[in-house]
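Please examine the sequence and the structure before reading the solutions.

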Amino acid sequence: MVKLRLKRCGRKQRAVYRIVAIDVRSRREGRDLRKVGFYDPINNQTHLNVPAILDFLDKGAQPTGTVHDISKKAGVFTEFSLNQTKFN
């Protein structure tokens, strides 16, 4: 099973996170399938590759709670629901 979750990067006390698609059994800094975004909680910056995220969600990937909140603020799930209704 694939999850969309945060992967910690940066230095001590200055954490930044990559949003990655990764296998559930992998550890936090394990090998990811694809990088789909970036999140900096200190500067409150977010960069998301929305088509890649939508593709993984279509294939059944589950976002973690934090990634779900970040994606929701960016409006990814409104696009996901529009795509679901368009193809059904």
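The exercises below treat a predicted model and pass from the sheet to the helices and the core.

**Exercise 1. Determine the strand order of the sheet and identify its edge strands.**

Solution. Step one: the sheet is open and has five strands, arranged as E4-E3-E2-E1-E5 with mixed pairing. Step two: strand E4 (45-48) and strand E5 (62-63) each pair on one side only, which makes them the edge strands. Step three: within the sheet, E1 (residues 2-11) and E2 (residues 14-23) run antiparallel and are joined by ten bridges. As one example, Arg-5 has Val-20 in E2 as its bridge partner.

**Exercise 2. Describe how helices H1 and H2 are placed relative to the sheet.**

Solution. Step one: H1 (residues 50-58) lies across E1, E2, E3 (34-40), E4 and E5, and runs at about 120° to E3. Step two: H2 (residues 65-74) also packs on the sheet, touching E1, E2, E3, E4 and E5, with a direction at about 90° to that of E1.

**Exercise 3. Examine the ring of Phe-56 for a charge placed over it.**

Solution. The charged end of Lys-59 sits over this ring, 5.9 Å from its centre, inside the 6 Å cut-off. The count of aromatic pairs, by contrast, is zero.

Technical notes. Residues are numbered from 1 along each chain as its sequence is written. This is a predicted model: local features need pLDDT of at least 70, side-chain atom pairs count only at pLDDT 80 or more; totals for chains, interfaces and linings use all residues. Side-chain values use heavy atoms; hydrogens and water are left out. Two strands pair if DSSP finds at least two bridges between them. Helices (H or I, at least four residues) and strands (E, at least two) are DSSP runs, numbered from the N terminus. Contact means heavy atoms within 4.5 Å. Axes are lines fitted to C-alpha atoms, for helices over the stretch in contact, and angles run from 0 to 180 degrees between N-to-C directions. Rings of Phe, Tyr and Trp (its six-membered ring) pair if their centres lie within 6.5 Å; planes under 30 degrees apart count as stacked, over 60 as edge-to-face and the rest as tilted. A charge sits over a ring if NZ of Lys or CZ of Arg is within 6 Å of the ring centre and within 35 degrees of the ring normal.
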